[in-house]
Amino acid sequence: MHAPRTRRCARRVLLVAVVIGVLVPALAPAAHAGPGAPPATTPPPSATSAPGTPPPDDPAGEAGSLVARIAAARTALDALTADLGQRQELANRAVADDVAARARADGARLAAEESRRGADAAAAAAERARADADAWITAWFQQADVLGPLSVLSGSTGPQDVAARAHLRDVVTADQRAALDGAEHARIEAANADSRARAARIEADEAAARAAQARTVADGEVTRVRTDTETQQARLRELTGERDAAESRLRELEEADPDLAAQRDRAEAFDEAATARDTARDARLRAAATAGLTARAGRVAGGVAGGEDALAEAGVDTTGVSDEVKVVLERALSQLGVVYAWGGGDAQGPTQGIRDGGVADSFGDFDKTGFDCSGLMIYAFAGAGKELAHYSGYQAESGQRVPLEDRRPGDMLFWADDDGAGAVHHVALYLGGDQMVEAPESGKKVRIAPVRFDEEIVPTVTRLV
């Protein structure tokens, strides 16, 4: 559900680069400790108490140190959050297994009930056939004086009467034999039906047991994630405190030094402008993709220009791309800006998130309506009639595996532990041009981002359409 540990906030990095690379050298180039100085990676909350901190009369140097500390704290927070997100995805796998097991158990139970009804019907038919056979046997003995060999001849009025009586005897005998055969066949079918019903009941009981076991595993995984997150919450709070303290001190320096404040204002203005551009672009893409989907659904005259516009602006080369793939891409793009919610998303759209007892809860995902990474894929591919499990690892196995270098629009990209060979923990939809659309992680929204060709990207993509 979550992105790999190497994910970083690009604009925050840009902001750090602007402040460190422009502000600090311009104001106090002599304040740096030199190439042999160790980096400050785990600063204490107090910016003025750490050894080696620039003296208070050097605001530019202290500002540079604070910016570095803020960047280090944010990097550590990102890494810890991503690690917890991967644990969440393992819990999501257990939940998906639980849902699938319960669905199979329900199917087996319904099949057993149907089989039992069939067995009961077969038993009733066998009883009716036996009663019919008994009636024929009784009738045979009652009519034996009329249909017996001697009776056929005695009392006859002529050759035609003898032939008619013989024919009647043959008919009665054949009907009686058919009744007996029918009764035997019905008895055998009833026995077979009962055996099938018993076997179906056993399978249903076994499926119910497996479902109960899957539920136990799912509960255990969710509990384990909660335990893990609880043990790491203290570290999260510590890192957050370090970051907040450094940011507070940096703000104090900015308020006391107009030059620092001006540099910070310019960096924030740049960041805000970039955010505004992306927000406006996403709004255009979302509206165009929605228009394209509406046109396809209603077969509006003039084609699906809205969808094509959205794909073109998103950088999708639609040459040779099927309509099915276009629908998948448009559905994903139509959700740009929707909030991330762990456990959220189905074939109809965003849904309310679920609790995880840790990171997702801290962001209030359980109280949001949105998507997680695999939920977004479920929604996108539902437009092409494809059903997916709500776990990125199973989605990776849901279609044709193609080498990463042969990727094309509409393929699913995955990230996993152990250099891309371990447990899958994130999925995104490839747009083309090394761009993708994804639901990244708690606290963020569905977005377009460059493909992260890091050590965790899986060397194959999955192609469903």
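The model is predicted, so local features require pLDDT of at least 70 and side-chain atom pairs count only at pLDDT 80 or more, whereas totals for chains, interfaces and linings use all residues. Residues are numbered from 1 along each chain as its sequence is written, and side-chain values use heavy atoms, with hydrogens and water left out.

The protein has twelve helices and eight strands, taken as DSSP runs (H or I of at least four residues for helices, E of at least two for strands) and numbered from the N terminus. Of its 465 residues, 43% count as buried; here buried means under 20% relative accessible area, exposed over 50% and partly exposed in between, with a 1.4 Å probe and protein chains only.

Strand E5 (residues 424-432) runs antiparallel to E4, and five bridges join the two; strands pair if DSSP finds at least two bridges between them. Phe-414 stands opposite Val-427 in E5. Helix H8 (residues 323-333) is largely enclosed by the rest of the structure, because nine of its eleven residues are buried.

These elements meet again in the largest nonpolar core, which has 43 residues. Such a core is a set of buried Ala, Val, Leu, Ile, Met, Phe, Trp, Tyr and Cys residues joined through side-chain atoms within 4.5 Å. Among the residues touching the most other members are Leu-333, Met-377, Phe-381 and Met-412. H8, E4 and E5 are among the elements that each supply at least two residues of this core, and helix H10 (373-382) gives the largest share, seven residues. A second, separate core of eleven residues includes Val-402, Leu-404, Trp-415 and Met-436.

Ring contacts complete the picture. Two aromatic pairs are found in the whole structure, with ring centres of Phe, Tyr or Trp (its six-membered ring) within 6.5 Å; planes under 30 degrees apart count as stacked, over 60 as edge-to-face and the rest as tilted. Phe-371 and Tyr-379 form a tilted pair, because their planes lie at 45 degrees, with centres 5.9 Å apart. Tyr-391 and Tyr-394 are edge-to-face, at 4.9 Å and 85 degrees. The charged end of Arg-331 sits over the ring of Tyr-379, 3.9 Å from its centre; this requires CZ of Arg or NZ of Lys within 6 Å of the ring centre and within 35 degrees of the ring normal. Arg-331 is also one of the buried residues of H8.
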